[in-house]
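Work through these exercises with the sequence and the model open. Try each task before reading its solution.

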Amino acid sequence: MSKIVQVLLHQGYGDAIGNDCLAIDRILRHDGWDTGIYARVVDKRIPADTAKPLSELSGLDDDDIVLYHLSTGTDLNFKVSGIPGRKVVIYHNITPPGFFLSPSNYRMYKTCEEGLFQTRMMTGIVDYCLADSEFNRQELIRMGYRCPVDVQPILIPFWEYDREPDEDFMRRFSDGKVNILFTGRLAPNKKQGDLIQAFRVFHRLVPDSRLIIAGAYDRSERYVDDLIEYVGDIGLSNDILFTGHIPFDKIIALYRTASFFWCLSEHEGFCVPLVEAMYFGIPIIAYNSSAVPETLGGSGVLLDDKQPELVAHVTKALMDDFGMRTGIIERQWMQLGSFSYDIAAARFRANLAKIIASFQEDSR
Amino acid sequence: MIDNQAVRDMVSRVKDEIARMPHDCILDFDRIPIQDMNGPITVFSRRDMKDAAQRLMKSYKLIPERDIESDKPGMKGRVITILKRAARKSLRFYIEPICEQQTELNHLFACGFRQFTLAFTDMRPDIAKMDDHEDRIIRLEKLAKVNRARQGK
């Protein structure tokens, strides 16, 4: 085998999967592999020589390796079987369609449903799997994958977070208010509605506070309209901010000025924002679901119940207890070590060596 | 360095404190549970209530004079239509104030209903507190009754 290529639907700029793909590409190039990223859609901000359109993928042999990033429902999930080479799926998780059970979310419902169906159908064409987390690994095994499945945490380029934050945002959110942050696309599985309810209680306890819900949203989804309308109805439009999609330097400014990070999501395959919050030393209060406890690894505050009063009062208790707060941040720092770029890169190299050894054994 | 147990202890302490607090009910952002006295909980969709309020706001106005036509064909139909229109116009002086009065009433109701749906989320904690007060008053009344009975003895 002489070539290892990465194939994915969308090579985005600044998103977790896009970053993971670029980081793997960097490692493969560094190690001298003939490699490339091929995507059906390539973000314009990605340098031209980094990722190429999928149509340009050619010259693969049957013993080359195709790393396929699987995260959604698309016909590419089936078409990837037509690409020559041994297939390694890097599974980033697909949200259960049940979260999108409403007429306005039918498109998302179908995409996720098809994604899970396609993932089950792909068991026969995949030679090896890598999953972002143990949670994702178990999901693949439940779906019938009998090939080897290893855990490969997402490669997070932490040096990107040391960039200069947006000055305007820094000024705006360093006004002495308690900033509660959540970052992530507005989606029913991420339960931003629960964040708002918890903040409603917290705001009564600490009136000088604001909730910042940072993440892209699509106004065609009724969930988004409902959230925005609800915030207006309860009279917190000035204290709850929906940023929509914002540039990376503004996200850094939000992390730098955040007092607490809340995550009440009910489905996460890994949850990169938790690791980002660890990096910026923000105490995390999260709901115990899916891969969240695994990513937290015993750090942060993990709640088995997301009753709004509990979330709000636990946050207030942390606000008032400096020792507890700093202790939690210290534990988060320790957990962050297990996601360091060097450790994740070493794990990727070890996984790749296992994959190659397994393929060589097969071909004997 | 704090350990996991310390965090768990803190969370259970907060849980206990919350359990002791008067139940300050927070609503699900989409569902509104309403419980009758000792009755079943009915769940209304916030969205449905708001839709109903919007429909009310759009349709509360009564129009005293509507365009009417007769179903009868030909000349006969045209004559009936003219007569009906004339009758409507001649009765307008009587109908219009009634319509205005009814419209005003409908408007008040529609506004009230809209206000209710908007304010309901804020009312729930107060309702819960009122329930608490009611319970306390009943208990105090019982206590007073017992005391009076003792003094009587």
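**Exercise 1.** Which residues are linked with A:D75 in a network of salt bridges?

*Solution.* The network links A:R40, A:D75 and A:K79. A salt bridge here is a side-chain nitrogen of Lys or Arg within 4 Å of a carboxyl oxygen of Asp or Glu. Between A:K79 and A:D75, the closest N and O atoms are 2.8 Å apart. A:D75 has a relative accessible area of 35%, so it is partly exposed; buried means under 20%, exposed over 50%, and partly exposed in between (1.4 Å probe, protein chains only).

A note on the source: this is a predicted model, in which local features need pLDDT of at least 70 and side-chain atom pairs count only at pLDDT 80 or more, while totals for chains, interfaces and linings use all residues. Residues are numbered from 1 along each chain as its sequence is written, chains are lettered from A and ligands numbered from 1 in the order in which they are written, and side-chain values use heavy atoms, leaving out hydrogens and water.

**Exercise 2.** Locate the partners of the salt bridge between A:D239 and A:K177.

*Solution.* Start with the distance: the closest N and O atoms are 3.5 Å apart. Next, place the residues. A:D239 lies in the loop between helix 7 (222-233) and strand 10 (240-244) of chain A, and A:K177 in the loop between helix 5 (167-173) and strand 8 (178-183) of chain A, so the pair ties together parts that are 62 residues apart in sequence. Helices (H or I, at least four residues) and strands (E, at least two) are DSSP runs, numbered from the N terminus. Finally, check accessibility. A:D239 is buried at 13%, whereas A:K177 is partly exposed at 23%.

**Exercise 3.** Describe the salt bridge between A:K316 and A:D320.

*Solution.* The closest N and O atoms are 2.8 Å apart. Both residues sit in helix 11 (residues 308-320) of chain A; they are 4 residues apart, so about one helical turn separates them. A:K316 is partly exposed at 22%. A:D320 is exposed at 55%.

**Exercise 4.** How are the rings of A:Y255 and A:F280 arranged?

*Solution.* They are stacked, with 5.0 Å centre to centre and 5 degrees between the planes. Rings of Phe, Tyr and Trp (its six-membered ring) pair if their centres lie within 6.5 Å; planes under 30 degrees apart count as stacked, over 60 as edge-to-face and the rest as tilted. A:Y255 and A:F280 are both buried. They belong to one aromatic cluster, which also includes A:F158 and A:Y161.
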